[in-house]
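The exercises below concern charged side chains, a strand residue and a pocket. Work through each task on the structure, then read the solution.

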Amino acid sequence: MKTKSNIILILGMFFLMGLFSCEKIDELLESETDKTVRIFTEGGVWKVDSLVLKTDVLSSGISNVTSDSTFLNYGTIEFKSPNEAESGYGSGLMIHRYTKNGKARIDTLAWVPYNFKSVNQEKVITIFTMPPVKDPTGHKYLDLYLDLQIRQENKVKFSGWRRTTISMGSGGSYGFYRSYVLTRK
């Protein structure tokens, strides 16, 4: 009787080992940051389904949009892992290839899968210029903390505003907005 129990126990262990292969265990132990890096960087380039760019002036709680552009099927984006030292800032590269006015263009930005200034880093990515440059107001480096709304193997969506206070005590702010929807087959 004891031999049957041992055989059943051993077979059960082999079954569980097969069920939880190393890959599955890695996925269970994967942090949110590691999952974001894996989804963004593995599996090839992303198709830019849409890119929305806006600017506004926010004053007394009222947003006056000064520009609003939507680009559909706007090229591809390739994410290089933040572990790769190409950027020199501990970040990865976000390489956007597209055509504008009949000319092929490439924009390269840096990205990390978290917010440098936040303790809640599970649903945010940060994008900033390479090399860092001052924003149009001349005050701070241009960086965007974008909320990660969708993070799936074949679809991601992230968007957010960056606000810069208007000087001279007006109480208002300039805003810069980006929204990306990316897919891959």
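**Exercise 1.** Characterise the salt bridge between Asp-56 and Arg-163.

Solution. Step 1: the side chains of Asp-56 and Arg-163 form a salt bridge at 2.8 Å, N to O; the term requires a side-chain nitrogen of Lys or Arg within 4 Å of a carboxyl oxygen of Asp or Glu. Step 2: the pair links distant parts of the chain, with Asp-56 in strand β1 and Arg-163 in strand β8, 107 residues apart. Strands (E, at least two residues) and helices (H or I, at least four) are DSSP runs, numbered from the N terminus. Step 3: Asp-56 has a relative accessible area of 2% and is therefore buried, whereas Arg-163, at 34%, is partly exposed. The classes are buried under 20% relative accessible area, exposed over 50% and partly exposed in between, with a 1.4 Å probe and protein chains only.

The model is predicted: local features need pLDDT of at least 70, side-chain atom pairs count only at pLDDT 80 or more, and totals for chains, interfaces and linings use all residues. Residues are numbered from 1 along each chain as its sequence is written, and side-chain values use heavy atoms, with hydrogens and water left out.

**Exercise 2.** Which residues is Asp-49 in contact with, leaving aside its neighbours within four places in sequence?

Solution. Step 1: Asp-49 is found in strand β1. Step 2: its contacts (heavy atoms within 4.5 Å) are Phe-71, Leu-72, Asn-73, Val-181, Leu-182 and Thr-183. Step 4: the side chains of Asp-49 and Thr-183 make a polar contact of 2.9 Å. A polar contact is a pair of N or O atoms within 3.5 Å; within protein, one must be able to donate a hydrogen and the other to accept it, and residues adjacent in sequence count only if both atoms are side-chain atoms.

**Exercise 3.** Describe the lining of the second largest pocket.

Solution. Step 1: 13 residues line this pocket, and Leu-51, His-96, Tyr-98, Asp-107 and Arg-178 lie nearest its centre. On a 1 Å grid over the protein atoms alone, a pocket is an open set of points where a 1.4 Å probe fits, with protein on both sides within 12 Å along at least five of seven lines; lining residues have an atom within 4 Å of a point. Step 2: β4 gives the largest share of the lining, four residues.
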